[in-house]
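Subject: Structure for your review

Dear colleague,

Please find the structure below, handed over for your own work.

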Amino acid sequence: MNTNVFGASLSRRGFVQAGGALLAGFALAGRQASAHVLNPALPESLPLFGSWIEIHEDNTILMRTGKSDFGQGTIFTAYRQIVAEELSAPFEAITTVVSGDTDRTPDGGGTFDLLGGGMPNVRKAAAYVHQALLDLASQRLGVAKDQLVAKDGVVSGAGQSVSYGDLVKGQKLNLTIPVKGDLNSMFGLTVDGNPPLKAVSEYSVIGKSFPNSVIVSKVTAKETWVTDVRLPGMLHGRVIHPKTLGSKLISAGALDKARYPNSQLVVKGNLLGVVAPTEWEAIQAAQQVASGTKWTEWKGLPGDQRLFRYFKEDADWKNAPVAAAKTNKGDVAAAIASSPKTLAATYELPFLKHAPIGPTMALADVRPDGSVYVYTHTQNPQALRTGIAFMLGAPVDKVVVRTFAGAGHYGRSNGGNAGAEDEAVILSQAVGQPVRVQWMRPDDLQWSTQSPAALSDVRLSLDAAGNLSGYEISHYMPAMQDDRLVGALLAGLPTIPAPDEKGSIFGIANGMNDPWLYEATPAVLERAYGTGQVGQASSPIRAGLRDHSMRTPGQYQQNFPRELAITEAAFLAGKDPLEFRIQHARQKRLLGVLEAVRDSSGWKTRAAGGSDGLSRGQGVAVMFRAGTYWACVAQIAVNPGTGVIKVEKITVAVDPGIVINPAQLKRQVEGGAVMGVSMALLEELAFDESGITANDWRSYPILTMADVPEIKVVLVNNPGVGSYGQGSEAANALAAPAIAGALLDATGKVARRLPLKPAYVKALLSEIRGQSPGLRGHS
Amino acid sequence: MTALVVNGVKREVQAPTDTPLLYVLRNNLELSGPQFGCGMAQCGACSVLLNGKEVRSCITTLGSVAGKEVTTLEGLSARWAQQKGLSGAALHPVQAAWIEEQTPLCGFCQNGMMIKATELLEKNAAPTVDEIKDAFTGGISPHLCRCGSYTAIIQAVQRASAAMSNATSKRSHA
């Protein structure tokens, strides 16, 4: 038997007494689409691992995904719902979700873009399996396929029916699905072809608020976190990182064997590690060695106080291709020259940390036979595996990466590396035992990557009617995706190139990431300029301030200046900033979320000050990202005496098209909004000329519960779109421009730099009107 | 050898007395509730109850807890059962509320959040939102959540509060 199922191949491998199943596996369609990311010398492809979806004779279903969970819950909720829906099986039938592990999952790819623009791999895979099940049922029942209907895991037609379990009973069935791509690249494999998909109008599982199954095990302390993994003979490791982001080792401190008799010191290039049988001894011994270790000095950074002058005056923005938005149109210079009202302003965003609550931690076991096992919490196990193999000069198939629950880190490891994995491998290889490397809090703030700082220049103009007649923005941001393994870098072992080096995948170019949304504007010019990472090229260890994508990457940096500038334009025109947006928008779904956020937030045409001496204001921001429209209103109270901003309420309206799981999406949006308020009010990476000076939660503060606003989430379910947009991450980007807009509304002053710390706001408010960049709008 | 009572069971630990309790719980006693977040008592991921009071196990030495009672996330359900005179309980009402409200996102901080909620509700059965915020923000440091689950935590504490007072009133009417 060999049946063609819309390009997939269904075959019977034999009959078995027990444990019959249909296994959906993969075959590459033709040659691999992408070249190997790291080194052409490495093998082009590896054998593809087993199955993705398994239909078992007891009517249970197992699914596998190369993605892992970082607190989105998607792989345990939305993925199950999508698979159940396409299979026409009950949600509860999917009893097992295998995720992440490189030796147990088929497709790789990163934990980002989880819903894949409405077409995640799991959806197509399930659609193929569904067709295969209908073919099997047609053969079994002797009924034409088009006469069959599947519901709740049972196929019926012509008065007969058979369950999925019965269809596979006693058989070994394989379905080979066409895929394309490169398993070991950052993006993994993509399911190919076009199997028929279930009509949205027939959905019964998608749209319901199924709970996230992993929450029970986490709440009851039954989950195996990465922090819980232990191996026989395992040693605890602590690493000693260089004194600055450009220091080389002069001499390692001597380990005090009298005090720490069971500890060992490992020195590899500019990376030092101490391992010991107990965690406390490893910590103390590492501190003792660090205190005696000597490093060269380095001062290659501008320091946080001079950062934006560095961007303006010193950084080289001419070396990278300039990105121009596809929506650019008209003659902006002419429009600005001929308009009665104009505005020119610069906006500045600081470096941010992903700042996971748990610092990165990994356990590595480099075995005598050369095989390497890494136990960690990564968004991209296959890419990490490739990087580890490259570092060791070993074949990729010698490396296995297993993933476990851990602290969310919001994009930091979407290219594989969170920080500790390669260091654990280096230490394990050196001592010949499994080593668990736990970064301490200062390591995690000072040696992880950051979300890049950015600067944007805006010029805009209003016509006589107060409408936007011209808009120009130039975005400046250093390279954002440095996936080099930091331990390999310090140890002098092979890594992928830095963003400014030959062969880099992403390079130093900046992209246009924030789609233009105000189509009524006749002349628009948006451009994005890139440069190398700050201090990296001049660092003797090629470190400097390494950057990495973080929630809403690149788009946050472009949306803040755009949305605040639009609010300023509205004030300049004497118009309500929300109505101003409605007047300039043309896309129906954008208008929908703007109206929803206006109607549900208590938006007033003019917010009033309170009788409590605080100035109150409201602001709005919008975004289109990955198929989803967002609008956010912030309502704030400002204390003019202290400059303290209290965010009283955040309202977010979101239209992702089809809402897959309302309750889970609502929680994700709430979380994103809280992170957004935190970024707007508090977050800014402190660094001097040598390195990052933030080293704890006091020097890199995040929002606490005391300051959490009332949060209202409005989900706009829009099934007519026929697809599901991405979940929640944009929620974190919207708060800052909405809050800055509310500050303008409350005080007439514009804060064009984040964060809105009290000293900054107070200084802004104390400026004499007329000398400040402030605007007074309608009143 | 240091003796302490962990989740109702007497345990003896062979470790230097200056070892932070967190490492004793995780490595010597193989408990997985308390997490390492900062090691500086700034985040609350490592919280446990020490004689009923929430403390940060990352800065609490083994020597200082000799003879005392430590309750971790693993011991919450038994603690509730004992307090209510039940033969057993699958979940502490705080845990049940955390599940019903779907509170955790990544969940790494939630051990400390549930420990703090338990301490709060044992002292104040019906806290206001401001009292909840005070409890989670005051003390040695705020309890931090990076995923932004604070709203869900407040709702879960309120749900647990209602469940616990229902349990109490049912018992008193029995």
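This is a predicted model: local features need pLDDT of at least 70, side-chain atom pairs count only at pLDDT 80 or more; totals for chains, interfaces and linings use all residues.

How many residues of domain 3 of chain A are in contact with domain 4 of chain A? The answer is 19 residues of domain 3, which meet 20 residues of domain 4; two residues are in contact if their C-beta atoms, placed from the backbone, lie within 7 Å.

Residues are numbered from 1 along each chain as its sequence is written, and chains are lettered from A and ligands numbered from 1 in the order in which they are written.

Domains of chain A

The domain assignment of chain A, in which bounds come from an automatic or database domain assignment, gives domain 1 (2-219), domain 2 (230-298 + 355-446), domain 3 (304-353 + 449-531) and domain 4 (574-766). The C-alpha centres of domain 3 and domain 4 of chain A are 21 Å apart. On the side of domain 3 of chain A that touches domain 4, two or more residues each come from strand 18 (341-349) and strand 19 (352-353) of chain A. Helices (H or I, at least four residues) and strands (E, at least two) are DSSP runs, numbered from the N terminus. Strand 18 of chain A gives the largest share of that side, 5 residues. By class, this side of domain 3 of chain A holds 11 nonpolar, 4 polar and 4 charged residues. Here Ala, Val, Leu, Ile, Met, Phe, Trp, Tyr, Cys and Pro count as nonpolar, Asp, Glu, Lys and Arg as charged, and the others, Gly among them, as polar.

A sheet and a helix pair in chain A

Chain A has an open sheet of 4 strands in the order 28-29-30-31, with mixed pairing; two strands pair if DSSP finds at least two bridges between them. Strand 28 (615-625) and strand 31 (710-717) of chain A are the edge strands, each pairing on one side only. From one strand to the next, the twist averages 15 degrees. Strand 28 of chain A runs antiparallel to strand 29 (residues 628-638) of chain A, and 11 bridges join them. Within this pair, Gly617(A) stands opposite Ile636(A) of strand 29.

Helix 15 and helix 16 (residues 731-747) of chain A have axes that come within 6 Å and cross at roughly 45 degrees. Axes are lines fitted to C-alpha atoms, for helices over the stretch in contact, and angles run from 0 to 180 degrees between N-to-C directions. Helix 15 of chain A is therefore oblique to helix 16 of chain A; angles under 35 degrees count as roughly parallel, over 145 as roughly antiparallel, 65 to 115 as roughly perpendicular and the rest as oblique. The residues of this helix contact divide into 12 nonpolar, 3 polar and no charged. Among them are Val669(A) and Met675(A) in helix 15 of chain A and Leu734(A) and Ile739(A) in helix 16 of chain A.

The contact between the chains

Chain A and chain B each give 43 residues to their contact. Helix 4 (214-219), helix 5 (279-291) and helix 15 (662-681) of chain A each supply at least two residues of the side that touches chain B. The largest share, 9 residues, comes from helix 15 of chain A. The side of chain A that touches chain B has 23 nonpolar, 12 polar and 8 charged residues.

Chain B

For chain B, the domain assignment gives domain 1 (2-74) and domain 2 (75-169). Their C-alpha centres lie 19 Å apart, and the contact takes 22 residues from domain 1 and 18 residues from domain 2 of chain B. Strand 3 (47-50) and strand 4 (53-56) of chain B each supply at least two residues of the side of domain 1 that touches domain 2. These two strands of chain B run antiparallel and are joined by 4 bridges; Leu49(B) has Glu54(B) as its bridge partner in strand 4. They form a hairpin with 2 residues between them, and Asn51(B) in the turn has a positive phi of about 45 degrees.

Helix 3 (residues 93-100) and helix 4 (residues 110-123) of chain B pack at an angle of about 130 degrees, with their axes 9 Å apart. These two helices of chain B are therefore oblique to each other.

With kind regards
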